[in-house]
Amino acid sequence: MNDVLANLSPRSVWGHFATLAAIPRPSGHEERAVAFVSAVGESMGVVPARDTRGNVVLRIPATPGRERAATLILQSHLDMVCEKNRDVAHDFDRDPIRPRLTGEWVQATGTTLGADNGIGVAAALAAATDPSVKHGPLELLFTLDEETGLTGAKELDPTLLS
């Protein structure tokens, strides 16, 4: 985990966010982010499902005792706004985001942070992976290419979700 984020709470959220911040994910190039969320699902025994656009859903079973709860869909998108300061050398196709703390704020060094919607991705993964979170069935939906046209959402195959 990024040392800057290592002691932030809740650790389950910030751990996933730190991993995601290290993954370049401009719009149209979310393959590595797809691999990351898929690997998290697979580590839990969940087989990722994808539609023809490439959107991903992880169907997370309920925690024991919550099996009869309604399924909750948590949606977030995997790409990020890619902007940098003029004086910063940063390649969004290759370079990780460099988070820093400014007081109580998490910011990026010379670039956008990717918190829209990286924190949503991290929170959804934390809900599924943190054993202290008790939940009914979850469907974690990760869409693509939101920042340049909402393409993933517009082309979402509704049969991907229950």
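Here is a short tour, one selection at a time.

**Select everything.** Keep in mind that this is a predicted model. The secondary structure comes to four helices and six strands, and along the sequence these follow the pattern α-α-β-β-β-β-β-α-β-α. The radius of gyration is 16 Å, close to the 15 Å that the globule rule gives for 162 residues, so the protein is as compact as a globular protein of that length. Turn the view along the principal axes and the C-alpha atoms fill a box of roughly 55 × 35 × 20 Å.

Buried residues make up 46% of the 162 residues. If you draw contacts with a separation of 6 or more, 66% of them join residues 24 or more positions apart. Colouring by charge brings up 15 positive and 21 negative side chains, and the centres of the two sets lie 4 Å apart.

**Select 115-129.** This is helix α3, with 15 residues. At 1.5 Å a residue it should span 21 Å, and its end C-alpha atoms are 20 Å apart, which agrees. Which residues of α3 are buried? They are Asn117, Gly118, Val121, Ala122, Ala124, Leu125, Ala126, Ala127 and Ala128. Now show what covers them: the cover includes the helices α1 (11-21) and α2 (31-43), along with the strands β2 (56-60), β3 (72-77) and β6 (138-143).

**Select 31-43.** Helix α2 has 13 residues and reaches 18 Å from its first C-alpha to its last, close to the 18 Å expected. Its buried residues are Ala33, Val34, Phe36, Val37, Ser38, Val40 and Gly41. They pack against α1, β1 (49-50), β2, α3 and β6. Step past the end of the helix to Gly45, which follows α2 and has a positive phi, near 85°.

**Select Cys82.** This residue is found in the loop between β3 and β4 (99-102). Is Cys82 buried or partly exposed? It counts as partly exposed because its relative accessibility is 26%. Leaving aside neighbours within four places in sequence, Cys82 is in contact with Pro26, Phe92 and Thr112.

Definitions and conventions. Residues are numbered from 1 along each chain as its sequence is written. This is a predicted model: local features need pLDDT of at least 70, side-chain atom pairs count only at pLDDT 80 or more; totals for chains, interfaces and linings use all residues. Side-chain values use heavy atoms; hydrogens and water are left out. Helices (H or I, at least four residues) and strands (E, at least two) are DSSP runs, numbered from the N terminus. The expected span of a helix is 1.5 Å times one less than its number of residues. Buried means under 20% relative accessible area, exposed over 50%, partly exposed in between (1.4 Å probe, protein chains only). Contact means heavy atoms within 4.5 Å. The radius of gyration is taken over C-alpha atoms; the globule rule is 2.2 Å times the number of residues to the power 0.38. Lys and Arg count as positive and Asp and Glu as negative; His and the chain ends are not counted. The place of a charge is taken as NZ of Lys, CZ of Arg, CG of Asp or CD of Glu.
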